[in-house]
Every structure is written in C-alpha cells, then in structure tokens.
Amino acid sequence: MQGIKIKNIIGILIGTAIFSFGFVHFNMQNQLGEGGFSGITLILYFTLNWDPALLNLLLNIPMFIIGWRLLGKKTFIYTLIGTFGVSVFLKIFHVYEFKMNLQEDLFLVSLFAGVFVGVGLGIVFRFGGTTGGVDIVARLANKYLGWSIGKTMFGFDFVVIILSWATFLDARSMMYTLVAVYVGGRVIDFVQEGANSAKGTFIISPKSNEIADLISKQMERGVTIFDGHGHFTKEHRDVLYCVVARNELVRLKNIIYGIDPHAFVTIMDVRDVSGEGFTLDDKKQPIH
C-alpha cells in the first residue's frame with residue numbers, strides 16, 4: 001500500500017517487542033498492574049487465568065474499527081501491525097520467559113516496568129503506529145486536541161488501576177503500579193519528543209544587534225528579530241528569539257550576559273524542533 005514504509009514496520013515491531021518483554025517480565029511476573037487495555041488483560045489474567053495475548057486481540061476489535069474510520073488506512077495498517085506484534089511477542093515471552101526474582105524490590109520492578117513500557121510504546125508512536133486500545137484514544141487526543149499522549153494515557157490508566165485494585169492488587173502493589181504508569185508516561189513523551197527537544201529564548205536588550213551577531217558567529221544559530229516596545233516606558237526594543245539545543249543553553253547565556261549583564265531573558269522548553277540546525281543541515285538535507 002502506498003505510504004507504508006518498511007522502516008516504520010520494523011520500528012513498530014521493535015517497539016512492541018520491548019513493550020511485551022517488560023510487560024511479561026516485570027508486570028506479570030510480579031503481579032504489578034498496568035493501565036489501558038493491557039491493564040484489563042492483567043485483571044482477567046490474574047482473576048480468570050485468561051491468555052493476555054489472545055485477550056489483547058479480542059479487546060482491540062472495536063478499536064480497529066475506530067482506527068479505520070478516524071486515523072486513515074495507513075495508520076490503521078500500522079495499528080494492526082502494532083496490535084498483532086504485541087500479541088505475538090506476549091505469547092513468545094510468556095512461553096519462554098525467565099525468572100528475575102525481583103518480588104522483594106517492587107520499587108525497582110515499577111521503574112523497569114515503566115521504562116520498558118514507555119520506551120516500547122514511544123518507539124511505536126514515533127514510527128506512526130499504535131498498539132490499539134487507549135493508544136488510539138491518546139493518539140487522537142494528541143492529533144486533534146494537542147494533548148500530551150503520556151498524560152492522556154495516564155488519566156485512562158488511573159481508572160483501570162482502580163479496577164485492578166478492586167480485583168487482584170493490594171494497596172502496596174497498587175501504589176507501585178502508579179509509579180510504573182507515571183514513569184511510562186514520562187518516558188513515552190521523552191522518546192517521542194526528547195530527541196528533537198530544545199530551548200527557546202526571548203532576549204530583550206539595548207545591545208540586541210551585538211548579541212544577535214555573536215550568536216550567529218559563535219554558535220551558528222539563527223536569530224529572529226521582532227519589533228517591540230515597552231508598555232510602561234513606551235521605548236522601542238528589538239526582541240530576539242533564538243532556539244538552541246539543551247546543551248548549548250549555558251553557552252548562549254554566557255554570550256548574552258557577556259555583552260549585556262542586564263538583558264531580560266526568558267527561557268522555555270521547545271518540543272519537536274525541525275528545520276536547519278536540528279533536522280536539516282546547512283544544505284537543507286536531512287540529518288541522519
């Protein structure tokens with residue numbers, strides 16, 4: 001099908017393998033809960049001993065329909081791959097699992113569960129797929145409402161965790177499950193956005209031209225100049241805007257304050273930066 005890329009399929013399968021490994025070896029082995037449809041499969045596994053791999057497919061049939069109607073054919077294909085990938089790897093790791101004996105250290109278990117789930121799902125999302133279930137809901141909220149995928153999933157997960165507490169989790173395991181879900185949500189956001197995250201700075205100074213020149217020469221970063229004026233003083237001021245990588249922030253501040261120690265500077269997080277210097281080189285070619 002047009003638009004389907006082999007590298008995306010491989011990336012999705014790698015992500016589902018990482019997710020499934022953590023799910024089996026940290027959540028299932030240590031009776032730790034999970035959010036979303038995965039959490040529902042755990043409830044049915046620990047209470048009725050139903051196969052999570054099969055349940056994952058059965059629960060996602062309605063989500064396949066939603067994915068087809070709202071996300072388009074390409075994303076639907078990627079969703080099928082992600083969902084079937086999870087079920088296949090869940091079965092493999094469940095049959096050939098190895099014991100880690102971490103029941104006495106649930107804090108470590110919760111951290112690793114969150115990291116594996118977060119990295120796995122983050123990779124799946126980054127390559128344009130989902131694993132079905134609440135992943136589709138979170139992806140739609142991100143696409144149409146701009147909501148963070150990790151935070152949207154956390155809200156849905158919380159409800160599932162309460163249900164898990166009412167069925168098979170004790171209070172201690174429930175609290176560690178919350179830790180795992182929170183870590184997973186943060187890791188998802190980092191995997192999706194962290195690679196291209198940066199810092200955006202607004203700089204107001206009477207020496208704006210000198211600052212802009214030095215940033216361009218020493219850091220080879222672009223600077224945009226806005227025409228502004230102070231509401232109280234009524235004075236004209238150039239406002240500089242510059243985006244730099246996180247590890248360049250200290251260097252940028254040294255340049256600014258080396259020229260004007262009294263410059264007014266605001267710094268903010270910038271996510272998913274694209275363009276020259278970040279995803280394109282100086283010849284407008286993609287940076288691999």
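Modeller: Start with one term: a helix here is a DSSP run of H or I with at least four residues, a strand is a run of E with at least two, and both are numbered from the N terminus. Thr47, for instance, has its place in helix α2. Keep in mind that this is a predicted model.

Colleague: OK. How many helices and strands does the chain have?

Modeller: The chain has nine helices and four strands.

Colleague: In what order do the elements run from the N terminus on?

Modeller: The order is α-α-α-α-α-α-α-β-α-β-β-α-β.

Colleague: And what share of the residues of the chain count as buried?

Modeller: The buried share is 47% of the 288 residues. The accessible surface of the chain is about 15400 Å², and carbon and sulfur atoms account for 62% of that surface.

Colleague: For contacts with a separation of 6 or more, what part comes from residues 24 or more positions apart?

Modeller: Such pairs make up 72% of those contacts.

Colleague: Back to Thr47. Is Thr47 buried, exposed or partly exposed?

Modeller: Thr47 is partly exposed, because its relative accessibility is 40% and that class covers values between 20% and 50%.

Colleague: What does its side chain reach?

Modeller: The side chain of Thr47 reaches the backbone oxygen of Ile43, at 2.5 Å. Leaving out residues up to four places away in sequence, Thr47 touches Thr167 and Phe168.

Colleague: How far apart in space are Thr47 and Ser164?

Modeller: Their C-alpha atoms are 9.9 Å apart, and the two residues are 117 residues apart in sequence.

Colleague: Changing topic: cavities. How many are there of 30 Å³ or more?

Modeller: The count is one cavity. The volume of the largest cavity is about 290 Å³.

Colleague: Which residues lie nearest the centre of the largest cavity?

Modeller: Phe19, Gly35, Ser38, Leu121 and Met153 do, out of 30 residues in the lining. The elements that give two or more residues to this lining are α1 (6-28), α2 (36-48), α3 (52-95), α4 (106-126), α5 (134-145), α6 (149-167) and α7 (171-193).

Colleague: How do the lining residues divide into nonpolar, polar and charged?

Modeller: The lining has 14 nonpolar residues, 13 polar ones and three charged ones.

Colleague: You named Ser38. Where is its place?

Modeller: Ser38 is in helix α2. Ser38 counts as buried because its relative accessibility is 16%, and buried means under 20%. Apart from neighbours within four places in sequence, Ser38 is in contact with Phe19 and Phe23.

Colleague: What about Ser110: buried or exposed?

Modeller: Ser110 is buried, at 0% relative accessibility. Ser110 lies in helix α4 and touches Leu32, Tyr176, Val179 and Ala180, with residues up to four places away in sequence not counted.

Colleague: And Val95, is that buried or exposed?

Modeller: Val95 is exposed, because its relative accessibility is 51% and exposed means over 50%. Val95 lies in helix α3. The C-alpha atoms of Val95 and Val24 are 9.9 Å apart, with the residues 71 residues apart along the chain.

Colleague: What is Ile215 in contact with, leaving aside neighbours within four places in sequence?

Modeller: Ile203, Glu220, Arg221, Val223, Cys242, Leu252 and Ile255. Taking Ile215 and Ile255, the C-alpha distance is 7.1 Å, and they are 40 residues apart in sequence.

Colleague: Glu220 is in that list. Where is its place?

Modeller: Glu220 sits in the loop between α8 and β2 (224-229). Glu220 is exposed, with a relative accessible area of 70%. Glu220 is not a glycine, yet has a positive phi of about 55°.

Note on methods: Residues numbered from 1 in each chain as written. Predicted model: local features only at pLDDT ≥ 70, side-chain atom pairs only at ≥ 80, totals over all residues. Heavy atoms only, no water. Buried < 20%, exposed > 50% of the residue type's maximum accessible area, 1.4 Å probe, protein only. Contact = heavy atoms within 4.5 Å. Areas by Shrake-Rupley, 256 points an atom, 1.4 Å probe, with all protein chains shown as cover. 1 Å grid on protein atoms, 1.4 Å probe; cavity = no way out; pocket = protein on both sides within 12 Å on 5 of 7 lines; lining within 4 Å. Points joined across faces, edges and corners; volume = space filled by probe spheres on them. Nonpolar A, V, L, I, M, F, W, Y, C, P; charged D, E, K, R; others polar. Polar contact = N/O pair within 3.5 Å; in protein donor to acceptor, adjacent residues only side chain to side chain.
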